[in-house]
Amino acid sequence: MYRFLLRPKWIAFTLGIVLLMILMINLGLWQLRRLDQRRDTNAAVEARYDEPARPLDSVLTPGADPDDLQWLPVTAVGIYRPEETVHIVNRSQNGVAGDNIVVPLDLGDGRVLLVNRGFLPMGEDTPPAPTGTVAVTGRLRPSQERHFAQLSDPAEGTLTDAQRLDIPRLEEQIDGDVVDMYIDAFQSNPADSPALQPVVKPELGEGPHLSYAVQWFIFTVCAAVGWVLAIRHSASQRRREAELAAEARPAEAA
């Protein structure tokens, strides 16, 4: 009664269901990995966000892992290069659209630290950076990377507007040895413009990853159940057809 499963269309149907189940299981596992990453990020923020600020060179030592340093408050002293300002566009903060204003800070020893001076609401003029020697305090952040479906920046040329703070891309247009991490500034001496808002603390919720994972696993079970029901329905239909054929043969003989 189940020999029909060896027919090409049923083999193709079964393979399609198997591939669909494998895909959905992997999507569920991917969401669980995203949940673990989110929890690790939350733990790092909670542990480091409000620590006392330390000198940049005492934290950002050679061979240090950026994952172990991000969110740590540090203080750096240098001179801004306002002529190399870059606007990180399409940002949003507290429901307001705007840009993050990034300026290289010359540390005086050949190194350059990219400083996100803060968030500037759309439509406002960019305030000038503090002049002379500046002591700026901010939280260390790793270079930003492009994710799936996000806009990309031109591979060549000087960027004044960028989609993300991609340090390897921006260092192509900056003289000096650019530090591998940047900082989100929240304090400056001399003080920076009040028009710039410090980047807000990230939300520490776990997001929808767990519910999405559960949904993908439920969809996987539904696909398996649907496959079984389809087989049982087809087998039942064929059994009924066989019974009707068997009943018809004596009548035809008579």
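User: Is N90 buried or exposed, and what is its relative accessible area?
Analyst: This is a predicted model, in which local features need pLDDT of at least 70 and side-chain atom pairs count only at pLDDT 80 or more, while totals for chains, interfaces and linings use all residues. Residues are numbered from 1 along each chain as its sequence is written, and side-chain values use heavy atoms, with hydrogens and water left out. N90 belongs to strand β3 (residues 86-93), strands being DSSP runs of E of at least two residues and helices runs of H or I of at least four, numbered from the N terminus. With buried meaning under 20% relative accessible area, exposed over 50% and partly exposed in between (1.4 Å probe, protein chains only), N90 is exposed, at 55%.

User: What is the phi of W71, and where does this residue lie?
Analyst: W71 is buried, with a relative accessible area of 8%. Its phi is positive in a residue other than glycine, near 85°, and its place is the loop between α3 (66-69) and β2 (73-80).

User: Which residues of the largest nonpolar core touch the most other members?
Analyst: A nonpolar core is a set of buried Ala, Val, Leu, Ile, Met, Phe, Trp, Tyr and Cys residues joined through side-chain atoms within 4.5 Å. Of the 24 residues in the largest such core, those that touch the most other members are L56, Y80, L113, V115, V136 and L140.

User: Which peptide bond is cis, with omega near 0°?
Analyst: The bond involves P190, a residue placed in the loop between β9 (181-189) and α5 (209-253). The cis peptide bond runs from N189 to P190.
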